[in-house]
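Thanks, everyone, for making the time this morning.

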Amino acid sequence: MKSKKFRERFPLLDIILTCTTILLVLGYSYLLFIFQNNSTSATSKKDFGNTMPSTIDEIESNFSGIKIVTEISNDLSAPFAIQYPQSKHIQFNDEVKKYIKTIKYNYLTDIATYKKSQKEFTSELNISFETFEHNGIYSFVMVKNEYVGDNEGQINIQTFRLNPETGERITIENVFDFRLQHLKELSKHIEERLYEDETLINHLLPEQVAIHTEPVWENFQNFALAEDEIIFYFEYNKIANRDAGVPIVSIPYQTINSLLTESLQASFVNEMTEKPDTSQPVNGEHDAIEKEEIPTDKENVENKDVPKQKRVALTFDDGPDPKVTTRILDTLEKYDAKATFFMLGSRVEYYPEIAKSVYEAGHELGNHSWTHPDLTKAKNDKIQKEIDRTSTIIEEVTGQKPEIFRPPYGAFNDNVLNLTDLSMILWDVDTLDWKHRNASQLLSYVKQNTIDGSIILMHDIHTSTADGLDAVLAYLAENDYQFVTISELSE
Ligand code: ZN
């Protein structure tokens with residue numbers, strides 16, 4: 001399978017890169033020789049740290065907006081040849097450069113240590129990359145080959161993904177819609193495929209495989225979106241011994257189509273004939289409703305005898321999204337309805353204008369964390385950072401600090417509660433819009449479950465939700481519901 005392909009390619013890659021390195025090093029040494037003969041010896045420095053001579057070149061790649069930077073060492077005692085992508089997006093560029101810098105630093109430090117202890121040794125560092133494009137997303141697969149002296153050679157693969165239009169860096173949570181259920185199924189697929197791979201099976205370390213395929217997002221962040229498949233890369237010498245090279249798992253989009261986000265789902269028609277079973281919890285967000293009361297809901301029951309208009313709070317999670325959120329705003333305006341948007345800080349960062357327009361249209365903005373992790377499994381400083389960063393960016397963009405928080409998957413515990421002053425908001429009507437992706441089903445879930453004081457959960461990242469919203473609003477308006485924000489509901 002893929003892992004085999006990569007192992008077989010390395011010797012060839014080594015030869016090409018080594019030859020290139022030698023040629024360039026020889027050429028440059030000659031130039032240096034001439035240069036040094038013409039100048040005084042005052043410029044010679046013993047410390048290689050900051051003055052390491054190397055040649056940097058930049059060329060346009062075949063992928064629009066992407067440049068290939070090549071850096072070749074001119075120091076024969078510390079040879080390297082490094083290639084990496086750069087774009088017009090600073091954050092992406094910095095991320096890649098930081099990765100390269102760390103590797104170079106470690107490599108040169110190893111060499112310095114070696115120089116002190118031994119006289120003769122050789123070393124090598126090569127980094128090259130391959131680019132995939134799928135659905136407008138670039139995936140860069142950086143292959144690193146490194147050894148110093150007697151140290152065992154190391155192969156590693158590091159991936160970066162970029163939407164070249166928006167600058168958004170795509171994470172695994174983006175690909176699988178932030179769904180815990182999707183993550184669980186993905187983890188099952190990956191584990192199965194590792195054991196199906198004949199080139200890996202005899203080298204796998206079962207205990208490590210179990211740990212590194214556990215359904216946590218962090219386990220699957222090293223991946224590429226190739227043309228027909230998604231490819232996951234594991235760390236060298238981690239879940240399998242060295243003989244296995246870099247373990248790789250490829251899963252065709254077709255086999256996991258229903259788990260992917262709408263925009264990534266293949267163009268063939270997705271069968272949606274089976275009806276979701278409402279009697280069973282289908283995802284983490286649904287689970288949580290049984291464990292905890294909805295804090296803001298309690299007062300609505302008390303106002304029963306007052307002949308007042310029924311109220312409902314529409315909530316939209318996981319945005320903002322440039323297409324869907326904008327359409328939802330239009331529909332809400334048509335019905336003069338106010339709603340609440342629980343936004344991800346990372347997406348507010350990409351789409352500040354959309355977040356601002358939600359606020360300016362009079363809707364409430366809530367905090368839904370920065371990257372959508374399961375906070376019950378996160379460390380305290382991570383929880384704090386996820387919440388604080390998001391509140392900060394929402395305030396930066398709108399001028400208004402959010403007062404409410406919806407934990408990703410509805411998952412929280414006492415620890416999470418203690419770490420924030422924001423009010424914890426769940427829901428009682430789950431439209432399961434992320435699952436059925438069906439505009440007409442949106443209305444049937446609302447019809448079946450909405451009562452006075454209900455909080456309805458939807459997501460402003462699915463086209464089908466934008467498609468079905470008009471009918472939902474028409475139905476609720478006809479049945480005398482007033483549309484209020486979460487804060488208004490709890491007044
Ligand atoms: Zn969410």
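Predicted model: local features only at pLDDT ≥ 70, side-chain atom pairs only at ≥ 80, totals over all residues.

Let me begin with strand β8, which covers residues 229-233, and where five of the five residues are buried, so that the strand is largely enclosed by the rest of the structure. If you look at the directions of the side chains, E229, I231 and Y233 point one way, while I230 and F232 point the other way, and the residues on either side are all buried.

As for its neighbours, β8 pairs in the antiparallel sense with strand β7, residues 223-225, over three bridges, and these two strands form a hairpin with three residues between them. Within that pairing, F223 has F232 of β8 as its bridge partner. β8 also pairs with strand β9, residues 248-252, again in the antiparallel sense and over five bridges, and here E229 stands opposite P252.

That brings me to the largest pocket, which holds about 1,400 Å³ of space. It is lined by 42 residues, of which E95, Q158, R161, T171 and Q221 are the closest to its centre. In composition, the lining of the largest pocket divides into 14 nonpolar, 13 polar and 15 charged residues.

The second largest pocket has a volume of about 710 Å³. Which of its 26 lining residues are the closest to its centre? They are T261, S263, D321, R347 and Y351. Helices α3 and α8 each supply at least two residues of this second lining, which divides into nine nonpolar, nine polar and eight charged residues.

Finally, I would like to stay with D321, which lies in the loop between β10 and α8. Is D321 buried or exposed? Its relative accessible area is 14%, and because the cut-off for buried is under 20%, D321 counts as buried. Its side chain is joined to that of R347 by a polar contact of 3.3 Å, and, leaving aside residues up to four places away in sequence, D321 touches T326, R347, I354, D460 and I461.

Conventions. Residues numbered from 1 in each chain as written. Heavy atoms only, no water. Buried < 20%, exposed > 50% of the residue type's maximum accessible area, 1.4 Å probe, protein only. Helix = DSSP H or I, 4+ residues; strand = E, 2+ residues; numbered from the N terminus. Pairing = 2+ DSSP bridges. Polar contact = N/O pair within 3.5 Å; in protein donor to acceptor, adjacent residues only side chain to side chain. Contact = heavy atoms within 4.5 Å. 1 Å grid on protein atoms, 1.4 Å probe; cavity = no way out; pocket = protein on both sides within 12 Å on 5 of 7 lines; lining within 4 Å. Points joined across faces, edges and corners; volume = space filled by probe spheres on them. Nonpolar A, V, L, I, M, F, W, Y, C, P; charged D, E, K, R; others polar.
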